[in-house]
Amino acid sequence: MMAQTRALLIASARQAFAQVGYAQTSMDAFTAKAGLTRGALYHHFGSKEGLLRAVVEQIEGEVALRLEAIGAAAGTPLEGFRRRCCAYLEFALEPEIRRIVLQDTRAVFGDVPAAAQSAAILTLETALHTLVDAGTIAPVAAPAAARMIYGAVTEAAFWIAESDDAQADRLAEALRTLHRVLDAILLPPPQGPIR
């Protein structure tokens with residue numbers, strides 16, 4: 001019953017946050033619509049901010065699964081890495097991700113929750129180690145490169161999402177720039193002897 005109540009609160013809040021935004025969402029309105037009380041919200045999440053954090057974690061978990069599938073569908077691990085980075089930027093155009101993860105989360109918390117950041121960085125770091133170990137890319141300090149790529153992609157996604165009328169233009173600019181950044185970082189290993 002408790003897990004069901006928690007899931008219902010998250011689903012109701014997610015719908016309300018996506019429709020009207022976090023700031024405009026009335027806790028009384030969405031809890032009543034779900035047939036619950038404000039007390040249930042406080043019991044499970046401690047506050048409206050705690051509920052937003054749970055919603056963002058759920059969405060970020062779904063995004064991670066989508067990115068994993070995109071990477072797995074690519075022809076090579078390197079192409080999968082590129083496609084994952086590009087897809088995250090493309091997700092900034094999706095209304096729910098744009099509003100909840102990229103706008104409301106930044107307004108309330110200043111950034112994506114630390115757990116989601118750590119998971120994303122670890123995924124990038126693991127992929128970079130794999131690419132280096134396979135000789136696909138030149139040796140790179142994977143922990144540093146993963147954080148740099150994560151920061152660049154995340155900040156670009158925030159930048160895309162903050163525009164009301166130029167999102168598509170910003171996405172195109174961000175994708176072009178991302179490819180240039182990745183080309184610089186993901187260099188192939190040198191061929192033959194170095195002179």
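Visitor: At roughly what angle do the axes of helix α5 and helix α8 cross?

Guide: In this predicted model, the axes of helix α5 (residues 77-91) and helix α8 (residues 142-161) come within 8 Å of each other. Axes here are lines fitted to C-alpha atoms, for helices over the stretch in contact, and angles run from 0 to 180 degrees between N-to-C directions. On that basis, the angle at which α5 and α8 cross is roughly 30 degrees.

Visitor: What should I know about the numbering and the values before we go on?

Guide: Residues are numbered from 1 along each chain as its sequence is written, and side-chain values use heavy atoms, with hydrogens and water left out. Because the model is predicted, local features need pLDDT of at least 70 and side-chain atom pairs count only at pLDDT 80 or more, whereas totals for chains, interfaces and linings use all residues.

Visitor: Which word describes how α5 and α8 are oriented to each other?

Guide: Angles under 35 degrees count as roughly parallel, over 145 as roughly antiparallel, 65 to 115 as roughly perpendicular and the rest as oblique. The axes of α5 and α8 cross at roughly 30 degrees, and therefore the two helices are roughly parallel.

Visitor: How do the residues of the contact of α5 with α8 divide into nonpolar, polar and charged?

Guide: Contact means heavy atoms within 4.5 Å, and here it is made by Phe81, Cys85, Tyr88 and Leu89 of α5 together with Ile149, Val153, Thr154, Ala156, Ala157 and Ile160 of α8. Ala, Val, Leu, Ile, Met, Phe, Trp, Tyr, Cys and Pro count as nonpolar, Asp, Glu, Lys and Arg as charged, and the others, Gly among them, as polar. By this sorting, the residues of the contact are nine nonpolar, one polar and no charged.

Visitor: How many helices and strands are there in the protein?

Guide: Helices (H or I, at least four residues) and strands (E, at least two) are DSSP runs, numbered from the N terminus. From that end the elements run α-α-α-α-α-α-α-α-α, and the count is nine helices and zero strands.

Visitor: Is His44 buried or exposed?

Guide: His44 lies in helix α3 (residues 38-45), and, leaving aside its neighbours within four places in sequence, His44 is in contact with Met2, Thr5, Arg6 and Leu9. Buried means under 20% relative accessible area, exposed over 50%, and partly exposed in between (1.4 Å probe, protein chains only). Because His44 has 18% relative accessibility, it counts as buried.

Visitor: What is the relative accessible area of Thr105?

Guide: Thr105 has its place in helix α6 (residues 95-109), where a polar atom of its side chain lies 3.3 Å from the backbone oxygen of Val101. Beyond its neighbours within four places in sequence, Thr105 is in contact with Val56, Ile100, Gly110, Asp111, Val112 and Pro113. Thr105 is buried, and its relative accessible area is 0%.

Visitor: What distance separates the C-alpha atoms of Leu175 and Ala87?

Guide: Leu175 is found in helix α9 (residues 167-185) and counts as buried at 18% relative accessibility. Not counting residues up to four places away in sequence, Leu175 touches Cys86, Leu89 and Glu90. Although Leu175 and Ala87 are 88 residues apart along the chain, their C-alpha atoms are separated by 9.4 Å.

Visitor: With which side chain does the side chain of Arg66 make a polar contact?

Guide: Arg66, in helix α4, counts as partly exposed at 34% relative accessibility, and it touches Phe91, Glu94 and Ile97, not counting residues up to four places away in sequence. A polar contact is a pair of N or O atoms within 3.5 Å; within protein, one must be able to donate a hydrogen and the other to accept it, and residues adjacent in sequence count only if both atoms are side-chain atoms. At 2.6 Å, the partner of the Arg66 side chain is the side chain of Glu94.
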